[in-house]
Amino acid sequence: MLDQNTQDLAEVIARLVSDDAHSLPDSLLVESTGMLLTLRRRLDGVLARRLQVIDVRDATTSECGRSTRAWMVEDHQLSQADACSRLQVARSYPTRPAIVEAMLAGEATQDQAKVITSFLPKLPTAEARDHAEKELLDVARYADPTLMARGLRELADKLCLNESAEERAVRRREGRYLNFTDTIDEMVRVDGMLDRVGAAILRKALYPLALKAGEVDERTPPKRNADALVELATLAMNAGQLPETAGEPTQVTVLTHLSDLIAQLEAGDTCYAFLEGVAVTPNTARMLA
């Protein structure tokens, strides 16, 4: 059962969902949408404050049998990075309440709060951290998170606050991952994180495969990248040079009685092939073959 405030918010959002944006004049559309963006920042502040309480109580372990981060990822489909970012900001609330309070006031975003909470622990004294927090919350009023992060990286490098280049490279590489998640509509969601070296290698390999296939190629860049990644894997497998223990060219095996196949085709029935136990269409099977 939801608390009354959450229930009221759900009802307001339901009314917003039913609104027709096309019916609004430009001035009202821009003004109201800007207000929604501000309310989004404030709602992220509410989430941070609640996540802090959930995390301290370990409520998701008792209620759902998993940690707060795992609950956000598995039950609410947040990415690993987003869940960790939100937890970081939430855990800063007891010692750095001004950051979450700025979010609650609509003056800072979740991403800006993440940048600030990542930077402050690098400073050597409490006085320096207090001063930097105030200054950065003022900066958040006009600078986007990417600009803030870039500026703070440069500042940290100048003040020798960061780890060595070797330590940084090791940390970033240890943060790499690649996930494949089956979706309910029989697609596969791919998400991951690469260090800069790995990403540079992948981009260089994908670039020639992701170019437009002529002037009439209507695929978007993300679609071309997706096709290029699959084509890159196909080329590697077909080259026959993958390690025996880590990959091999695709093997297509077709087992059927000729009489059954003829009978199905004559009856117009759909014949299915299977990819990792999931039925695929004949066209997909032919493409793989």
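## Salt bridges in a predicted model

The side chains of Asp227 and Arg219 form a salt bridge, with N and O 2.8 Å apart. The structure is a predicted model, and its chain contains 13 salt bridges in total.

- Asp227 is partly exposed, its relative accessible area being 37%.
- Arg219 is also partly exposed, at 25% relative accessible area.
- Elsewhere, a single network is formed by Glu107, Lys134, Asp138 and Arg141, which are joined by salt bridges that share partners.

**A pair within one helix: Arg86 and Asp82**

- A salt bridge connects Arg86 to Asp82, and their closest N and O atoms lie 3.3 Å apart.
- Both residues belong to helix 5, which spans residues 80-92.
- Because Arg86 and Asp82 are four residues apart in this helix, about one helical turn separates them.
- Arg86 has a relative accessible area of 15% and is therefore buried, the cut-off being under 20%.
- Asp82, in contrast, is partly exposed, with a relative accessibility of 27%.

**A pair between distant parts of the chain: Asp130 and Arg96**

- Asp130 and Arg96 form a salt bridge in which the closest N and O atoms are 2.7 Å apart.
- This pair links distant parts of the chain, as the two residues are 34 residues apart.
- Asp130 is located in helix 8 (residues 126-139), whereas Arg96 is located in the loop between helix 5 and helix 6 (97-104).
- Arg96 is buried, with 14% relative accessible area.
- Asp130 is partly exposed, with a relative accessibility of 43%.

**The chain as a whole**

- The chain comprises 14 helices and four strands.
- Of its 289 residues, 20% are buried.
- Among contacts in the chain with a separation of 6 or more, 43% are made by residues 24 or more positions apart.

Key. Residues are numbered from 1 along each chain as its sequence is written. This is a predicted model: local features need pLDDT of at least 70, side-chain atom pairs count only at pLDDT 80 or more; totals for chains, interfaces and linings use all residues. Side-chain values use heavy atoms; hydrogens and water are left out. A salt bridge is a side-chain nitrogen of Lys or Arg within 4 Å of a carboxyl oxygen of Asp or Glu. Buried means under 20% relative accessible area, exposed over 50%, partly exposed in between (1.4 Å probe, protein chains only). Contact means heavy atoms within 4.5 Å.
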